[in-house]
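Here's a quick walk through one model, taking in a sheet, a single residue and a pocket. Have a look at the structure first, then read on.

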Amino acid sequence: MSDVPHMKAMSLIAGLFAALELAAMPLGLRTAAWSGEDDAMAFDDGAVLDDITLTGGTTLNLVGIGISARSITLDGTPTIIIDALPQDGLLVPLAEGAFQEGPLNLIVGGTALAGYAAVVEPDGLYALPTDVVAVGGRTFATLAGAFKAAEGAGEVALLRDYAARFRIDIPPGAALALDLGGNTLSFASRWAFNVGDGGLVVSNGALTCSQYGFYVLDGVLVFADGADVRAAGRVVQVHGAGAVDICENARLETALDDPVVFAVGGFGGRARVSSRGTLVQNYAGSGPNTAYAIAGNPDDTYGADFALSGRGGVYFARSPDASIHHPDGQGGVVAISGGWFSLAPALEWLSPRLSLQSETLDGWDGWRVVFDGFFLFVR
């Protein structure tokens, strides 16, 4: 007896089961694991994909369709084809993206476009121009990509105005500098920078933060010449034995009922804040406000040391009592050797041979700390 009819029957049954399985899937849903090796990948409109790897041999054709995926990994230089590039550069929405930036061959409307990078963010795969940030002779599409390429050392230079969507984390032990290049950098995240245990110098441009600015643990943060940093809440928070230096030509401002600089010591030691710049507590409401807040433990073990000095001084605006807050019984030492205040600082905080004199600055009545006696300045 021939086995041919039996084989045909088995084939028809297998085909029927496959059709039933396909019919049971939600409309528009396809899942796939992409190897990326010499693959030309095209999917139905509305396809929802699993984890994707895009390699140098991958061609992703998105002409006329929209897809989404759980995550994407970049491993090489993929080719992506699309009929038109969205204004925000979003190519594929993601559910669980982890940041990456890498090279990209981009073809839009049949024309190859140079100068674009593939950027994976938590919410999507983007095609973004690489003329935003420079480091080590290379240009990048994102600030995060440039800081990652710097590998913990060197200068990152902003080339044009840029809106960052996510916080930048400075690696432990890093020694990095951010030159804003006279441009404006803005952040939409809760914090702009997590300096942590690393080192960061910011200079030469404007930085605006939708909520808070810089978090420092035991690291070092310097606001150098030309840094103009503004935040809705506190600009700097030091929680540990970190150090913050605000240079004479730097300016920090907060708009809410929050200190410009808040420091609390940690078990690693005291925080240190030194300012020769301009600090503005610009809160327009009522109640006590402060530009510096110094906190510690009730047993006076840990706290923050503050040294305010320099010709530029410190300038507190708007609130009649916006000066320095250092609660009794908390750790930390305050030493004022110069500056302008809208509220007279406590006399016991002044260094020897210093006193206060009434003065008006930019229309604000206040006090300037002055040196009583002769002194020789040697450069």
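Two strands count as paired if DSSP finds at least two bridges between them. Keep in mind that this is a predicted model. Strands S21 (residues 205-209) and S24 (residues 227-231) pair in the parallel sense, with five bridges between them. One of the residues involved is glycine 205, whose bridge partner in S24 is alanine 227.

Zoom out, and that pair belongs to an open sheet of six strands with parallel pairing, running S15-S18-S21-S24-S27-S30. The edges are taken by S15 (162-164) and S30 (278-281); each has a single partner strand, so one side of each has no neighbour in the sheet. On average, neighbouring strands here are turned by 10° against each other, direction ignored.

Next up is aspartate 169, which sits in strand S16 (residues 168-169).

| Partner of aspartate 169 | Relationship | Distance |
|---|---|---|
| arginine 167 | side-chain to side-chain polar contact | 2.7 Å |

Finally, the largest pocket holds about 610 Å³ of space. Its lining has 31 residues, with Glu121, Leu128, Thr142, Tyr162 and Arg165 nearest the centre. Strands S10 (116-121) and S11 (124-129), helix H2 (143-150), S15 and S16 each give two or more residues to that lining. By type, the lining splits into 20 nonpolar, three polar and eight charged residues.

How values were computed: Residues are numbered from 1 along each chain as its sequence is written. This is a predicted model: local features need pLDDT of at least 70, side-chain atom pairs count only at pLDDT 80 or more; totals for chains, interfaces and linings use all residues. Side-chain values use heavy atoms; hydrogens and water are left out. Helices (H or I, at least four residues) and strands (E, at least two) are DSSP runs, numbered from the N terminus. Axes are lines fitted to C-alpha atoms, for helices over the stretch in contact, and angles run from 0 to 180 degrees between N-to-C directions. A polar contact is a pair of N or O atoms within 3.5 Å; within protein, one must be able to donate a hydrogen and the other to accept it, and residues adjacent in sequence count only if both atoms are side-chain atoms. On a 1 Å grid over the protein atoms alone, a cavity is a set of points where a 1.4 Å probe fits but cannot get out, and a pocket is an open set with protein on both sides within 12 Å along at least five of seven lines; lining residues have an atom within 4 Å of a point. Grid points are joined across faces, edges and corners, and a volume is the space filled by probe spheres set on the points. Ala, Val, Leu, Ile, Met, Phe, Trp, Tyr, Cys and Pro count as nonpolar, Asp, Glu, Lys and Arg as charged, and the others, Gly among them, as polar.
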